[in-house]
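Work through the exercises below with the sequence and the structure open. Try each task before you read its solution.

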Amino acid sequence: MTKKSDIPFSDDASKYFVPWMSMLMVFIATLILSGALVAYSSIQTWTRNISGSLTIQIPTFDLNGKDRQEAVKTDIETAVTILVTTRGVLGASVLSDEQMNSLMAPWVGENTDISRLPLPKLIDVSVDTNNPPDLTQLKADLTEQVPSAVLDSHRLWLENLIQLATGMIKLVSVILVLLILSTAFTIIYATRTSLLVHQPVIALIHMMGANDFYISIQYAIRSFKQTLLGSVIGFIATLPIMSGFSYFLNEVTEDFVFNTALTYEQWLILLSVPVIAAVLSFLTTFKTVSLYLKRFL
Amino acid sequence: MKETSKLSSPIAEFNGVSFRYETGPDVLKDIQFQLQPGSFHFMTGESGAGKTSLLSLMYLDNLPTKGRVRLFGQAVDTLSRKEKARFRRQIGVVFQDFRLLSHLNAFDNVALPLRIAGTKESEIRRHVSELLAWVGLEKQLRAYPAELSGGEQQRVAIARAVINRPQLLLADEPTGNVDDTMAKRLLYLFLELNKLGTTVVIATHNQNLIKYFGFPRLHLSKGHLELLGTSNNKYVDLATKLLNRGEQ
Ligand SMILES: Nc1ncnc2c1ncn2[C@@H]1O[C@H](COP(=O)(O)OP(=O)(O)OP(=O)(O)O)[C@@H](O)[C@H]1O
Ligand SMILES: [Mg+2]
């Protein structure tokens, strides 16, 4: 004979409510968490691509092709002054003609007088990687005082991306906490409703000598099953969306801008979402019922 | 259990007990009595006299407003939650309104105290079927309370109260819905249990039963209790004789 539960859960309204809610919550949590994981991996890649140096170009000819030798001198002086007073900049030096020569040799040959070419002056800036300068601010300062200066934009762009991704990870963490809290409150509410509905039965079982554990565990196991069911469905539903999104990111952006391939550990983290949801549901329900019994019976 | 080691101590002991519901008047006033282990009592008193209330103090549903109740040698107001639960598992109760679980069939209703006590399913199957057969419900094992007559429900409630062989059996009007023949048969069941050591209290209005079995009476009137009848043993002996006769 299959043992029927002492508490008539089958006529609970929350019987559908909890699985549906956990499905939705786990769906959302898994999606945003996978987003955060992609952001995290991408940050790792981007950080590797940022070297410890930075280059600033000062053009020697203006847009109309007119030589601006005089202006270049003061531009370089001003730029270097700004650079060396910027926090996180270790040093700034103008590349000498010899250095320019060796840099350009592969393209123009050893014996070309490069001073006759319309090459910009390059300022090599070494950056403290542990305490990098605020590039956005630096760019603003330069453009204000040396309008002609051009800051190596790849690095700036990556830095902005990293900032964006870091912010996104923080936001995801906050949303995850909120999701967990609201799930817990919903489960507490559903459990309390069910306790009220079944009050006479619970009072009777209690009066027959059932320990609090006997009653709490029945509720907790039921919650665990309901949440696990909803969570697994919610998790599976994210899979096509995640692969679709990964495909999209790789299609519309350059290769390797986003690191969408999840590692083994990251998959484990994602898989833990439905499990954690079910365990949380178990514990929350158990505690809710125990407290109720202590308080009212 | 440490309280059973004190063989001489009463199963239940009321000392100056008064009781009232919330803000109402006292329904029990200065109650004083003891139930010796293995005793068998009827409880009488007109409707509203406080029988159910007095029983509820013994099955730990209520606490006295005044005075002290001791069960199995221990003051009930000093019991922890765990101890209370353990005590309750030693007490079988037949409720006046049965309180069967409507979503469980007769079998599962009777099995409930055993499941709460953690008994093995194989044992549960054997004991429950046997007992339900004894109360004449072998054909209704799978019937839900709503599909049973009043008397049948009452028998399920009685089976549930005794399945565990409790140390103390409290039956509130357990034969109100059955004819006298069945009432006697059910009382024999309580007597069997009593012979095995269970202390029994049966609240009843049935004068035939009271006369027939002749156990001492805890009589309530206007909240006061008096003990009517004499030495308990004599009645148990008489009842045993009756029981043997009834089984021939
Ligand atoms: N839950 C309750 N709340 C308030 N008053 C109650 C409650 N239960 C019973 N009473 C009152 O307590 C008094 C005693 O009731 P009780 O149920 O103990 O009587 P009884 O002897 O069992 O009666 P009966 O033979 O009709 O079952 C009655 O006056 C009743 O109105
Ligand atoms: Mg009553």
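## Chain B at a glance

Chain B has an accessible surface of about 11,200 Å², and 48% of it belongs to carbon and sulfur atoms. Such areas come from the Shrake-Rupley method with a 1.4 Å probe; for residues, only the protein chains shown count as cover. The model is predicted: local features need pLDDT of at least 70, side-chain atom pairs count only at pLDDT 80 or more, and totals for chains, interfaces and linings use all residues. Residues are numbered from 1 along each chain as its sequence is written, chains are lettered from A and ligands numbered from 1 in the order in which they are written, and side-chain values use heavy atoms, with hydrogens and water left out.

## Exercise 1: the magnesium ion

Task: find the protein donors of the magnesium ion (ligand 2).

Solution.
- Step 1. Donors are N, O and S atoms within 2.8 Å of the metal (3.2 Å for Na, K and Ca); water is not among the atoms, so sites may look incomplete.
- Step 2. The protein donors are B:Thr52 (OG1) and B:Gln96 (OE1), 1.9 to 2.2 Å from the ion.
- Step 3. B:Thr52 lies in helix α2 (residues 51–58) and B:Gln96 in the loop between β6 (91–94) and α4 (106–116) of chain B, so the pair ties together parts 44 residues apart in sequence. Helices (H or I, at least four residues) and strands (E, at least two) are DSSP runs, numbered from the N terminus.

## Exercise 2: ligand 1

Task: which atoms of B:Lys51 and B:Ser53 lie by an oxygen atom of ligand 1?

Solution.
- Step 1. For B:Lys51, a side-chain N or O atom is 2.7 Å from an oxygen atom of ligand 1.
- Step 2. For B:Ser53, a side-chain N or O atom is 2.5 Å from an oxygen atom of the ligand.
- Step 3. Taken alone, ligand 1 exposes 630 Å², and the protein buries 58% of that.

## Exercise 3: B:Thr44

Task: is B:Thr44 buried or exposed, and which side chains make polar contacts with its side chain?

Solution.
- Step 1. Locate B:Thr44 in strand β3 (residues 40–44) of chain B.
- Step 2. Its relative accessible area is 4%, so B:Thr44 is buried. Buried means under 20%, exposed over 50%, partly exposed in between (1.4 Å probe, protein chains only).
- Step 3. The B:Thr44 side chain makes a polar contact of 3.3 Å with that of B:Arg217, and one of 2.7 Å with that of B:His219. A polar contact is a pair of N or O atoms within 3.5 Å; within protein, one must be able to donate a hydrogen and the other to accept it, and residues adjacent in sequence count only if both atoms are side-chain atoms.
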